[in-house]
Amino acid sequence: MLNCFTQMEEGAVPIIPIYEDQLANWSEQQEERVKNWVNSIGFRAKSGTFGLLCDATGKLEKVLLGMTHAKDLAVFGQLAVNLPKGHYKIAAAFDKEQYYQAFLAWGMASYQFTPFKKFPPLEAKLYLSENDVHSAYLEAVLRAIYLVRDLINTPADDMTPGDLMEAASHVAEELGGKVKHIFGDELLKAGYPTIYAVGRASQHPPGLIDLHWGNPSHPKVTLVGKGVCFDTGGLDIKNASSMALMKKDMAGAAHVLGLARIIMALKLPVNLRVLIPAVENAVSGDSYHPGDVLVTRKGLTVEVTNTDAEGRLVLSDALHEAATEKPELLLDFATLTGAARVALGTDIAALFTPDDELAASLMACGKAENDLLWRLPIHAPYRKMLDSRIADLTNSSQAPYAGAITAAVFLKEFVPDDIAWAHFDIMAWNTSSKPAAPEGGEACALRAVARYLYERFAP
């Protein structure tokens, strides 16, 4: 069990959620000292506000927590980081879904990234009962979120393609998976030319990380994650402000490792494969150039119109390899385009899939998890925006429109129509701290996809 929770109920201080529009009714039912206290501190049950009520001896007796409505449960994250040392319990008639969301918010807010700076430990612990929540599922999701955040937050000098391979190996070793990897010139021999081309300029050799777990007789689920450990933009170099957060360009890889961790921890009956093209898009005398024509693993030729559109190039080789096994489900994650952020902002992941049923199920799970997805079209007529005079296609449209969609259209070239596939274009970063979401690396769409996988494959 994560140390932000406890199984000791005795002596736990009750947390009483109060909806803003019900505060007056609640207050009327309390003894005079409580009414006076509520009025004296100005507690109005606004979302995320809280008040501490002490007994006659000065001992903490109750915590009041303001909520706007029954689904306003992320506010429990405020308590995890602000309450004094002690044990607490939720005193409310919640259903299991509400308990899950409250515990999830508490756990997500309790995350701290400490390798380079030490923070005071959070010492407020929330009582967790198996009667209230599926604790194994909750813990699997939270540990995956912590893993994703840790990997994204780690500076690029400490998260090279080799370091990413080690991280994948640790996940596999902990939960019974196996990892193979192909690095450096071996990529060319093994037939992964675009991964090699994008990563060859770096002093840290590019590679393909290949994780396997599960029974081969079970349905095959393959996850592909963009592992660009740092993105300078290549010879089409980014400006300083655009490059500032590019340590997070391996967030797709972090997400598929997080999902793999959930699948393995919960022992879902699937035959799992995880493919991560791990590169650094650096600048050197060996950088690939605008105007180069790359031959992909599939055999399609790609004219490079922008070296800063490298993510789709490395994904193309991995997606084609994944498709050769005809998985029952193929999902890829990538911090792929700024256009997706322009369209949807930072909180909502862009979802692309040609499968209406898969889209509906994923979006329903996202809504249930408050981990929102929004489907954008893979609009076939935009394929002409990727036409090249000298190759089968370009890696980036020169038109200033539909950047996220044309990126998805590019990826679709490497996934056959008969494979159930979804592509997630994610932000993977909180630009400021919110309840349960500290500033920094973030898991986007992970909870939505985890719920979908659990509901579909759990026995």
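**Entry 1: R33 and E61**

I began with R33 and found that, leaving aside neighbours within four places in sequence, R33 is in contact with L53, C54, D55 and E61. I note at the outset that I am reading a predicted model. I located R33 in helix α2, which covers residues 32-41. I then looked up how open this position is: R33 counts as partly exposed because its relative accessibility is 34%.

I turned next to the contact with E61. The side chain of R33 makes a polar contact with the side chain of E61 at 2.8 Å. The two side chains also meet in a salt bridge, with N to O at 2.8 Å. The pair links distant parts of the chain, with E61 in strand β4 and R33 in helix α2, 28 residues apart. E61 has a relative accessibility of 24%, and therefore counts as partly exposed.

The C-alpha atoms of R33 and T296 are separated by 73 Å, and the two residues lie 263 residues apart along the chain.

**Entry 2: the sheet that contains β4**

I followed β4 into its sheet. I read an open sheet of 6 strands in the order β1-β6-β5-β2-β4-β3, with mixed pairing. Which strands stand at the edges? They are β1 (5-6) and β3 (50-54); each has a single partner strand, so one side of each is left without a neighbour in the sheet.

I then went through the pairings. β3 pairs with strand β4 (residues 60-67) in the antiparallel sense over 5 bridges, and the bridge partner of L52 in β4 is V63. β2 and β4 run parallel and are joined by 5 bridges. On the other pairing that I looked up, β2 runs parallel to strand β5 (residues 86-90), with 3 bridges.

I used I15 to tie these pairings together. Its bridge partner in β4 is V63, and its bridge partner in β5 is I90. I also recorded the cover over strand β2 (residues 13-19): 6 of its 7 residues are buried.

**Entry 3: the sheet of β12, β13 and β17**

I read a second open sheet, of 3 strands, in the order β12-β13-β17 with mixed pairing. β12 and β17 (393-394) each have a single partner strand and stand at the edges, so one side of each is left without a neighbour in the sheet. Strand β13 (residues 301-303) runs parallel to β17, and 2 bridges join them. Within this pairing, I found T394 in β17 as the bridge partner of E303.

**Entry 4: other salt bridges**

I noted that the structure holds 31 salt bridges. I examined E325, which forms a salt bridge with K220, the closest N and O atoms being 3.4 Å apart. This pair links distant parts of the chain: E325 is in the loop between α11 (311-323) and β14 (329-334), K220 is in strand β9, and they are 105 residues apart.

The side chains of E186 and K189 meet in a salt bridge at 3.3 Å, N to O. Because they are 3 residues apart in helix α7 (residues 186-190), E186 and K189 are separated by about one helical turn. K189 is exposed, with a relative accessible area of 67%, and E186 counts as partly exposed at 40% relative accessibility.

**Entry 5: two buried threonines**

I found T222 in strand β9 (residues 220-225). Its relative accessible area is 0%, so T222 is buried. Not counting residues up to four places away in sequence, T222 touches R273, L275, A322, P327, L329, L330 and L331.

I placed T406 in helix α14 (residues 403-412). T406 is buried, with a relative accessible area of 2%. The side chain of T406 reaches the backbone oxygen of G403 at 3.2 Å. Beyond residues up to four places away in sequence, T406 touches Y382, M385, L386 and S397.

I located V283 in the loop between β11 (271-281) and β12 (293-295). V283 is partly exposed, with a relative accessible area of 42%.

Key:
Residues are numbered from 1 along each chain as its sequence is written. This is a predicted model: local features need pLDDT of at least 70, side-chain atom pairs count only at pLDDT 80 or more; totals for chains, interfaces and linings use all residues. Side-chain values use heavy atoms; hydrogens and water are left out. Helices (H or I, at least four residues) and strands (E, at least two) are DSSP runs, numbered from the N terminus. Buried means under 20% relative accessible area, exposed over 50%, partly exposed in between (1.4 Å probe, protein chains only). A polar contact is a pair of N or O atoms within 3.5 Å; within protein, one must be able to donate a hydrogen and the other to accept it, and residues adjacent in sequence count only if both atoms are side-chain atoms. Contact means heavy atoms within 4.5 Å. Two strands pair if DSSP finds at least two bridges between them. A salt bridge is a side-chain nitrogen of Lys or Arg within 4 Å of a carboxyl oxygen of Asp or Glu.
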